[in-house]
Amino acid sequence: MNYLRGIFLGVVATIFLLPSLDKLFGLDPIAAPLENRLTANAPKLEFFSKIRWDRRLGQYFKDWDSYFRDHFGFRSLFMLLDTNLKVVLFGNADSHMVLVGKSEQYFLGGRSNVRIFKNADLLGAEELSHIVESLIKKAQWAKAHSIKYVWFLVPEAAFVMQDRWPPWMKQVSSVSKADQICKELDLRLKDSKGLEKNFLRFHALEVLRESYKQGQKVFFKKDSHWTWLGAFVAYSGLEAELNRWMNWPTPLIYEDLSEHPYQQEGDLVKLLGVGLDTKEQALLLDPKKCAGIDPVNSGEKSIDPFVFVKGCNKSGPRVLISLRDSFSNFLIPYLRAQTSEIYMANTAYAAPVSEEFIQKIKPDMIFEQTVYRNVKHLPLTSITQ
C-alpha cells in the first residue's frame, strides 16, 4: 500500500515539476502555438499590502492556477494532440480559432465565428438601429461638407465557399447580419432627402461568389484573407459603381496589372501550431502605373492618427480611409493607382475622426471597409467636432 502511495505521490510531484523541467531543458518537442491572447505570468505574493492577507493568498493561488494552465509541462504537445483529435472528429479546432473544411480549406473558426457563418447570431433591433444610424450620420455629415461617402462590405471566405464547409456545419438562417444591415440601410436611404446620391454602399459577396464559381482563387486556403486576385475582383465591382456614381478615373482592368510570384504565410495554419507548412503560393498583382513602388509597404509618412500615402494618379481624388481591417491591405495598391492622396487610419477599427482633420485634408471621398465579423466596429468612427 505504501509502495502504491509512493508511486502516486511521485507522479503528482513529477506533474508539478514538469513546467520547470520543460523550461530548463526544453523537453517538449512541439513549438508553442500562436495564441490570440497573452499567457499568464508567474505570480508574485505581495507581503506588504493594504489588502487582507487571506485575500492576497487566495489571489496568489488563483494566479498560480492560471499560470500552471498556460505553462504546464508538454502543454504544446497536449494541445497538438487535442487539436488533431478535434480536427479529425469535428473539423473544428475551436481552441485555436481554426475551422477545417473540405479540400484542406481552412476558415477562421472558434464558436463565435462558426455561429456567424451559420447565421445563428443575428442582430437585435437596438444593435441594428445603432449600426445603421452610425452610417447614416457619417454620410449626412459628409454630404453637408460636399464629400462622398462609401461603405465597402466584405464577406469572409466561409460565406463565399460554402461548398467547402465541413459536413456537420449547416446554416440556421438564410439571412446574415450583413443582409440585415443592408436591408435596413436601404430602407433608411429611401426615406432620406437625397442622401442616397451621396452614399454608396457596395456589398462584395456576389462578385466574389461568381468569380469563385468560375474557378478563380479569391481566398487563400491556409490564410483567413482574400488573395490579391480576390481583392481585385471585389475592387473592380466597386469601381464599376464608383464610375457611374461620381467623377472617378477609368476603372482598372486585369491587363493594367503586373503579376509577381508571391508566398503568403498562412495565419490559420500558424494558429494551429501543428508543424504544417504555412506557406502558400500565390500571385501578387501590382498596378503598372505604380511600377517600382512596393505595393505591400506603401505608407510614406504618419499624420497621427492616419498614414499618408501618395497616390499614382495626380489628377485623381483624395480619399480618407477612416475604418479598415486587415482586408484593406490588399485594396490599397488598387486605390493608390487611381487616387492622388490616401489618408489611411493607421490602426484597424480606428477611433472617431475629428471634423477639423477632415476639413484640413479636404478629401473627395470618405471610404470605410468592413468585413462581416467586424460590423460591430462601425459606430467607432463617428465624426466628432
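How many aromatic pairs does the count come to in this structure? The count comes to 14 aromatic pairs, where rings of Phe, Tyr and Trp (its six-membered ring) pair if their centres lie within 6.5 Å, and planes under 30 degrees apart are stacked, over 60 edge-to-face and the rest tilted. The model is predicted, so local features need pLDDT of at least 70 and side-chain atom pairs count only at pLDDT 80 or more, while totals for chains, interfaces and linings use all residues. Residues are numbered from 1 along each chain as its sequence is written, and side-chain values use heavy atoms, with hydrogens and water left out.

Two of the pairs are tabulated below.

| Pair | Geometry | Centre to centre | Angle between planes |
|---|---|---|---|
| Phe-152 and Phe-202 | tilted | 5.7 Å | 35 degrees |
| Tyr-343 and Phe-357 | edge-to-face | 6.4 Å | 85 degrees |

Phe-152 in strand β4 (residues 148-154) and Phe-202 in strand β5 (residues 199-203) are 50 residues apart, and their pair links distant parts of the chain. Helices (H or I, at least four residues) and strands (E, at least two) are DSSP runs, numbered from the N terminus. Both Phe-152 and Phe-202 are buried, that is, under 20% relative accessible area with a 1.4 Å probe and protein chains only.

Tyr-343 belongs to strand β11 (residues 341-345) and Phe-357 to helix α12 (residues 355-361), 14 residues apart; this pair too links distant parts of the chain. Tyr-343 is buried because its relative accessible area is 9%, and Phe-357 counts as buried at 12%.

Elsewhere, ring pairs join Phe-220, Trp-228, Tyr-262 and Phe-330 into a cluster. Lys-148 lies over the face of Trp-245, 4.9 Å from the ring centre; the criterion is NZ of Lys or CZ of Arg within 6 Å of the ring centre and within 35 degrees of the ring normal.

Note on methods. Buried means under 20% relative accessible area, exposed over 50%, partly exposed in between (1.4 Å probe, protein chains only).
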